[in-house]
Amino acid sequence: MLKNPSFYVTLGVSLSASQSEIRAAYRKLAKRFHPDANAGDPRSEARFKKIGEAYEVLGDSGKRRDYDRGYASRSRSGRSPSRKQHAERAFDSNVKIRLYLTIAAACKGGYRKVRFNRRTVCVVCEGLGEMQVDGTGCKTCQGSGSVSYEHTVRVNYPAGVCENEKLIIAGEGHIMSSNSRPGDLMVTVVYKPHQYLEARDGDLHYNCFIGLDHYIQGGRLKVPTVDGKTVLYLEPRISDGETIRLSKRGLPAHGGKPAGDLIITIRHCLPKKLSRKEMERIKELMRLPGFSPPVDAKGFFPRGVD
Ligand SMILES: [Zn+2]
(Lines give C-alpha, C1' and ligand atoms only; values in the text may rest on other atoms or scores of the structure.)
Protein backbone atom coordinates (compact mmCIF):
# COMPACT_ATOMS: atom_id res chain seq x y z
CA MET A 1 0.00 0.00 0.00
CA LEU A 2 1.11 3.51 -0.65
CA LYS A 3 3.06 5.33 1.98
CA ASN A 4 2.49 8.72 0.52
CA PRO A 5 -0.52 9.43 -1.72
CA SER A 6 0.55 13.02 -2.35
CA PHE A 7 3.59 12.70 -4.57
CA TYR A 8 1.84 14.99 -7.02
CA VAL A 9 1.46 17.59 -4.31
CA THR A 10 5.13 17.20 -3.35
CA LEU A 11 6.19 17.96 -6.92
CA GLY A 12 3.46 20.57 -7.38
CA VAL A 13 2.06 19.04 -10.56
CA SER A 14 -1.45 18.04 -11.56
CA LEU A 15 -2.64 14.44 -11.91
CA SER A 16 -2.67 14.87 -15.68
CA ALA A 17 0.88 16.27 -15.90
CA SER A 18 3.02 14.83 -18.70
CA GLN A 19 6.30 13.03 -17.94
CA SER A 20 8.26 16.04 -19.22
CA GLU A 21 6.28 18.39 -16.93
CA ILE A 22 7.06 16.11 -13.99
CA ARG A 23 10.74 16.04 -14.94
CA ALA A 24 10.86 19.83 -15.23
CA ALA A 25 9.10 20.30 -11.86
CA TYR A 26 11.49 17.85 -10.22
CA ARG A 27 14.59 19.56 -11.62
CA LYS A 28 13.41 22.96 -10.49
CA LEU A 29 12.62 21.80 -6.94
CA ALA A 30 15.72 19.60 -6.64
CA LYS A 31 17.93 22.52 -7.55
CA ARG A 32 16.20 24.76 -5.03
CA PHE A 33 16.35 22.34 -2.11
CA HIS A 34 19.69 20.71 -2.94
CA PRO A 35 21.90 20.31 0.20
CA ASP A 36 24.78 22.07 -1.58
CA ALA A 37 22.64 25.16 -1.93
CA ASN A 38 21.25 24.95 1.61
CA ALA A 39 24.21 23.82 3.66
CA GLY A 40 23.33 22.86 7.22
CA ASP A 41 19.55 23.27 6.76
CA PRO A 42 17.91 20.00 7.87
CA ARG A 43 14.46 21.05 6.58
CA SER A 44 15.76 21.60 3.07
CA GLU A 45 17.52 18.27 3.27
CA ALA A 46 14.30 16.53 4.33
CA ARG A 47 12.39 18.23 1.56
CA PHE A 48 15.04 17.29 -0.99
CA LYS A 49 14.62 13.68 0.10
CA LYS A 50 10.82 13.86 -0.26
CA ILE A 51 11.14 15.36 -3.75
CA GLY A 52 13.50 12.54 -4.72
CA GLU A 53 11.06 9.89 -3.43
CA ALA A 54 8.18 11.43 -5.35
CA TYR A 55 10.19 11.68 -8.56
CA GLU A 56 11.42 8.12 -8.28
CA VAL A 57 7.82 6.99 -8.63
CA LEU A 58 6.20 9.65 -10.82
CA GLY A 59 9.24 9.97 -13.08
CA ASP A 60 8.83 6.34 -14.11
CA SER A 61 5.67 5.84 -16.15
CA GLY A 62 5.25 2.21 -15.05
CA LYS A 63 5.62 3.01 -11.33
CA ARG A 64 3.41 6.03 -11.79
CA ARG A 65 0.63 3.89 -13.25
CA ASP A 66 0.78 1.53 -10.27
CA TYR A 67 0.83 4.50 -7.93
CA ASP A 68 -2.21 6.10 -9.60
CA ARG A 69 -4.09 2.82 -9.42
CA GLY A 70 -3.28 2.38 -5.75
CA TYR A 71 -4.18 5.94 -5.00
CA ALA A 72 -7.50 5.68 -6.83
CA SER A 73 -8.56 2.51 -4.98
CA ARG A 74 -7.49 4.03 -1.70
CA SER A 75 -9.51 7.16 -2.37
CA ARG A 76 -12.57 5.18 -3.34
CA SER A 77 -12.37 2.97 -0.26
CA GLY A 78 -12.79 6.07 1.89
CA ARG A 79 -10.21 4.82 4.37
CA SER A 80 -8.52 8.12 4.38
CA PRO A 81 -11.21 10.75 3.93
CA SER A 82 -9.20 13.76 5.01
CA ARG A 83 -6.36 12.89 2.68
CA LYS A 84 -8.79 12.20 -0.14
CA GLN A 85 -10.46 15.54 0.36
CA HIS A 86 -7.11 17.28 0.34
CA ALA A 87 -6.01 15.46 -2.81
CA GLU A 88 -9.24 16.34 -4.68
CA ARG A 89 -8.73 20.00 -3.77
CA ALA A 90 -5.15 19.79 -4.89
CA PHE A 91 -5.87 18.07 -8.23
CA ASP A 92 -9.15 19.33 -9.63
CA SER A 93 -8.00 22.63 -10.96
CA ASN A 94 -10.92 23.12 -13.35
CA VAL A 95 -13.86 25.21 -12.20
CA LYS A 96 -17.31 24.20 -13.46
CA ILE A 97 -20.17 26.68 -13.40
CA ARG A 98 -23.57 27.10 -15.06
CA LEU A 99 -24.52 30.18 -17.00
CA TYR A 100 -28.28 30.84 -17.02
CA LEU A 101 -29.45 32.71 -20.12
CA THR A 102 -32.84 33.78 -21.38
CA ILE A 103 -33.67 32.51 -24.87
CA ALA A 104 -33.56 36.13 -26.06
CA ALA A 105 -30.02 36.53 -24.70
CA ALA A 106 -28.92 33.24 -26.28
CA CYS A 107 -30.30 34.44 -29.64
CA LYS A 108 -28.50 37.73 -29.41
CA GLY A 109 -25.12 36.64 -28.01
CA GLY A 110 -23.11 38.79 -25.62
CA TYR A 111 -21.22 38.39 -22.38
CA ARG A 112 -21.76 37.94 -18.66
CA LYS A 113 -19.40 38.53 -15.80
CA VAL A 114 -19.23 35.52 -13.51
CA ARG A 115 -17.76 35.41 -10.02
CA PHE A 116 -16.45 32.43 -8.11
CA ASN A 117 -13.94 31.54 -5.40
CA ARG A 118 -10.66 30.80 -7.08
CA ARG A 119 -8.02 28.87 -5.24
CA THR A 120 -4.42 29.80 -5.76
CA VAL A 121 -1.06 28.83 -4.30
CA CYS A 122 -0.34 30.55 -1.01
CA VAL A 123 2.44 33.05 -1.70
CA VAL A 124 3.56 33.17 1.91
CA CYS A 125 4.57 29.50 2.16
CA GLU A 126 4.77 28.94 -1.61
CA GLY A 127 2.22 26.14 -1.39
CA LEU A 128 4.12 24.08 1.18
CA GLY A 129 1.69 24.71 4.03
CA GLU A 130 4.59 25.38 6.38
CA MET A 131 7.16 28.10 6.76
CA GLN A 132 10.53 27.23 5.31
CA VAL A 133 12.40 29.23 7.95
CA ASP A 134 11.22 27.39 11.05
CA GLY A 135 8.86 24.68 9.80
CA THR A 136 5.82 26.07 11.62
CA GLY A 137 2.41 25.83 9.96
CA CYS A 138 1.55 28.69 7.61
CA LYS A 139 -1.04 30.96 9.22
CA THR A 140 -2.13 32.56 5.95
CA CYS A 141 -3.41 29.33 4.39
CA GLN A 142 -3.90 27.39 7.67
CA GLY A 143 -1.39 24.83 6.41
CA SER A 144 -3.38 23.92 3.30
CA GLY A 145 -0.91 25.49 0.88
CA SER A 146 -3.60 27.42 -0.98
CA VAL A 147 -5.88 30.40 -0.45
CA SER A 148 -9.04 31.52 -2.24
CA TYR A 149 -10.28 34.87 -3.43
CA GLU A 150 -13.28 36.12 -5.37
CA HIS A 151 -12.40 36.01 -9.03
CA THR A 152 -14.39 37.69 -11.80
CA VAL A 153 -14.24 36.44 -15.39
CA ARG A 154 -15.95 37.82 -18.47
CA VAL A 155 -17.65 34.97 -20.34
CA ASN A 156 -18.48 35.71 -23.97
CA TYR A 157 -21.22 33.60 -25.55
CA PRO A 158 -21.99 33.56 -29.28
CA ALA A 159 -25.40 34.33 -30.83
CA GLY A 160 -27.29 31.03 -31.07
CA VAL A 161 -25.38 29.36 -28.23
CA CYS A 162 -27.09 26.03 -27.58
CA GLU A 163 -28.52 24.72 -24.37
CA ASN A 164 -25.93 22.57 -22.51
CA GLU A 165 -23.17 23.94 -24.74
CA LYS A 166 -19.81 24.10 -22.95
CA LEU A 167 -17.73 27.24 -23.13
CA ILE A 168 -14.17 26.76 -21.95
CA ILE A 169 -12.14 29.73 -20.78
CA ALA A 170 -8.58 28.42 -20.61
CA GLY A 171 -6.41 29.28 -17.65
CA GLU A 172 -9.15 30.86 -15.51
CA GLY A 173 -9.57 27.91 -13.13
CA HIS A 174 -7.73 27.24 -9.88
CA ILE A 175 -3.97 27.75 -9.69
CA MET A 176 -2.77 24.70 -7.82
CA SER A 177 0.96 25.21 -8.03
CA SER A 178 3.50 27.53 -9.53
CA ASN A 179 4.84 24.65 -11.62
CA SER A 180 1.66 23.65 -13.45
CA ARG A 181 -0.65 25.67 -15.64
CA PRO A 182 -3.88 26.96 -14.07
CA GLY A 183 -7.06 24.97 -14.63
CA ASP A 184 -9.83 26.07 -16.97
CA LEU A 185 -13.18 27.68 -16.31
CA MET A 186 -15.81 25.36 -17.81
CA VAL A 187 -19.15 27.05 -18.34
CA THR A 188 -22.31 25.10 -19.18
CA VAL A 189 -25.11 27.12 -20.77
CA VAL A 190 -28.58 26.59 -19.29
CA TYR A 191 -31.66 28.28 -20.74
CA LYS A 192 -34.04 29.97 -18.36
CA PRO A 193 -37.62 28.82 -18.98
CA HIS A 194 -39.56 31.12 -21.34
CA GLN A 195 -43.13 32.01 -20.54
CA TYR A 196 -44.49 30.79 -23.90
CA LEU A 197 -41.75 29.27 -26.00
CA GLU A 198 -39.76 26.08 -25.67
CA ALA A 199 -36.35 25.70 -27.33
CA ARG A 200 -35.46 22.33 -28.87
CA ASP A 201 -32.46 21.78 -31.19
CA GLY A 202 -32.35 25.38 -32.32
CA ASP A 203 -36.11 25.54 -33.07
CA LEU A 204 -38.63 27.33 -30.88
CA HIS A 205 -41.99 25.70 -30.21
CA TYR A 206 -45.30 27.30 -29.34
CA ASN A 207 -48.57 25.53 -28.57
CA CYS A 208 -51.46 27.64 -29.88
CA PHE A 209 -54.95 26.80 -28.67
CA ILE A 210 -57.87 27.84 -30.88
CA GLY A 211 -61.58 27.85 -30.09
CA LEU A 212 -64.49 26.67 -32.24
CA ASP A 213 -64.91 30.12 -33.83
CA HIS A 214 -61.28 30.23 -34.97
CA TYR A 215 -61.57 26.68 -36.23
CA ILE A 216 -64.64 27.43 -38.32
CA GLN A 217 -63.77 30.89 -39.56
CA GLY A 218 -59.98 31.03 -39.43
CA GLY A 219 -58.61 34.53 -38.95
CA ARG A 220 -55.82 36.43 -37.34
CA LEU A 221 -53.61 34.61 -34.89
CA LYS A 222 -51.24 36.34 -32.49
CA VAL A 223 -48.02 34.40 -31.83
CA PRO A 224 -45.19 35.26 -29.40
CA THR A 225 -41.64 35.46 -30.74
CA VAL A 226 -38.31 35.88 -28.95
CA ASP A 227 -38.40 39.64 -29.35
CA GLY A 228 -42.13 40.37 -29.20
CA LYS A 229 -44.97 38.97 -31.28
CA THR A 230 -46.13 38.40 -34.83
CA VAL A 231 -49.57 38.00 -36.41
CA LEU A 232 -50.50 35.17 -38.79
CA TYR A 233 -53.56 34.48 -40.85
CA LEU A 234 -55.12 31.16 -39.92
CA GLU A 235 -56.89 29.13 -42.62
CA PRO A 236 -60.38 27.93 -41.62
CA ARG A 237 -60.79 24.36 -40.36
CA ILE A 238 -57.15 23.70 -39.49
CA SER A 239 -56.72 20.29 -37.87
CA ASP A 240 -55.71 19.67 -34.30
CA GLY A 241 -51.96 18.96 -34.15
CA GLU A 242 -51.19 20.70 -37.46
CA THR A 243 -48.02 22.80 -37.44
CA ILE A 244 -47.15 26.15 -38.96
CA ARG A 245 -43.44 26.81 -39.45
CA LEU A 246 -41.99 30.31 -39.50
CA SER A 247 -38.63 29.93 -41.18
CA LYS A 248 -35.52 31.24 -39.36
CA ARG A 249 -37.48 32.65 -36.43
CA GLY A 250 -35.82 30.27 -33.95
CA LEU A 251 -32.22 30.40 -32.70
CA PRO A 252 -29.75 31.95 -35.19
CA ALA A 253 -27.21 29.81 -37.08
CA HIS A 254 -24.27 28.83 -34.89
CA GLY A 255 -21.41 26.30 -34.88
CA GLY A 256 -22.28 24.82 -38.28
CA LYS A 257 -25.94 24.47 -37.39
CA PRO A 258 -28.43 26.38 -39.58
CA ALA A 259 -30.88 28.89 -38.14
CA GLY A 260 -33.85 27.29 -36.41
CA ASP A 261 -37.57 27.89 -37.04
CA LEU A 262 -40.50 28.96 -34.91
CA ILE A 263 -42.91 26.02 -34.98
CA ILE A 264 -46.52 26.67 -33.99
CA THR A 265 -48.62 23.62 -33.15
CA ILE A 266 -52.38 24.15 -33.37
CA ARG A 267 -54.41 22.68 -30.54
CA HIS A 268 -58.19 22.60 -30.60
CA CYS A 269 -59.72 23.91 -27.45
CA LEU A 270 -63.07 22.26 -26.88
CA PRO A 271 -65.20 23.04 -23.83
CA LYS A 272 -64.84 20.49 -21.06
CA LYS A 273 -67.86 21.63 -19.06
CA LEU A 274 -71.11 23.08 -20.40
CA SER A 275 -74.02 24.73 -18.59
CA ARG A 276 -77.59 23.70 -19.39
CA LYS A 277 -78.09 26.89 -21.38
CA GLU A 278 -74.91 26.28 -23.41
CA MET A 279 -75.98 22.67 -23.98
CA GLU A 280 -79.31 23.81 -25.41
CA ARG A 281 -77.55 26.24 -27.79
CA ILE A 282 -75.23 23.45 -28.96
CA LYS A 283 -78.16 21.12 -29.55
CA GLU A 284 -79.84 23.84 -31.60
CA LEU A 285 -76.70 24.17 -33.70
CA MET A 286 -76.43 20.41 -34.17
CA ARG A 287 -79.83 20.41 -35.82
CA LEU A 288 -78.46 22.66 -38.57
CA PRO A 289 -76.97 21.08 -41.71
CA GLY A 290 -73.17 20.87 -41.58
CA PHE A 291 -72.96 20.43 -37.81
CA SER A 292 -73.93 16.77 -37.68
CA PRO A 293 -71.48 14.03 -38.67
CA PRO A 294 -72.14 12.84 -42.29
CA VAL A 295 -73.71 9.44 -41.54
CA ASP A 296 -75.74 7.54 -44.15
CA ALA A 297 -79.25 6.11 -43.69
CA LYS A 298 -77.81 3.15 -41.73
CA GLY A 299 -75.94 5.49 -39.37
CA PHE A 300 -72.42 4.70 -40.69
CA PHE A 301 -69.78 6.76 -42.47
CA PRO A 302 -69.37 5.67 -46.09
CA ARG A 303 -65.80 5.51 -47.40
CA GLY A 304 -64.55 8.66 -49.11
CA VAL A 305 -66.71 11.01 -47.04
CA ASP A 306 -64.69 13.96 -45.77
ZN1 LIG B 1 0.55 29.27 3.19
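How many Å separate the centres of domain 1 and domain 3, taken over C-alpha atoms? The answer is 66 Å. The domain assignment, which is automatic or taken from a database, lists domain 1 (7–82), domain 2 (95–191) and domain 3 (198–286).

A word on what you're looking at. This is a predicted model, where local features need a pLDDT of at least 70, side-chain atom pairs count only at pLDDT 80 or more, and totals for chains, interfaces and linings use all residues. Residues are numbered from 1 along each chain as its sequence is written.

**Overall build and confidence**

The protein has eight helices and eleven strands; these are DSSP runs numbered from the N terminus, with helices being H or I of at least four residues and strands E of at least two. Its radius of gyration is 34 Å, well over the 19 Å from the globule rule for 306 residues, so the protein is more spread out than a compact globule. That radius is taken over C-alpha atoms, and the rule is 2.2 Å times the number of residues to the power 0.38. Along the principal axes, the C-alpha trace spans about 115 × 40 × 40 Å.

Of the 306 residues, 21% are buried. Buried means 20 or more other C-beta atoms within 10 Å of a residue's own, exposed means 12 or fewer, and partly exposed is in between, with C-beta atoms placed from the backbone.

The pLDDT (the predictor's confidence in each residue, from 0 to 100) averages 85, and 91% of the residues score at least 70. Among the elements, helix α5 (residues 81–91) has the lowest mean, 43, while strand β5 (residues 185–191) has the highest, 97. Across residues 72–88 the pLDDT stays under 50, and the model has nine contacts beyond four places in sequence for them. A contact here means two C-beta atoms, placed from the backbone, within 7 Å.

**Nonpolar cores**

A nonpolar core is a set of buried Ala, Val, Leu, Ile, Met, Phe, Trp, Tyr and Cys residues joined through C-beta atoms within 7 Å. The largest has 16 residues, and Leu-11, Ile-22, Tyr-26 and Ile-51 have the most contacts inside it. Helices α1 (7–11), α2 (19–33) and α3 (42–58) each give two or more residues to this core. Apart from it lies another core of 14 residues, including Cys-107, Ala-199, Cys-208 and Ile-264.

**Strand pairs**

Two strands pair if DSSP finds at least two bridges between them.

| Strands | Sense | Bridges |
|---|---|---|
| β6 (198–200) and β7 | antiparallel | three |
| β7 and β11 (262–268) | parallel | seven |
| β8 (219–225) and β9 | antiparallel | seven |

On one side, Arg-200 stands opposite Asp-203 in β7, and the β6–β7 hairpin has two residues between its strands, with Asp-201 in the turn showing a positive phi of about 50°. Tyr-206 has Ile-264 in β11 as its bridge partner. Also in β7 (residues 203–210) is Asn-207, which is exposed, with 12 other C-beta atoms within 10 Å. Asn-207 touches Thr-265 and Arg-267, leaving aside residues up to four places away in sequence.

Strands β8 and β9 are joined by a hairpin through two residues, and Gly-219 has Leu-234 in β9 as its bridge partner.
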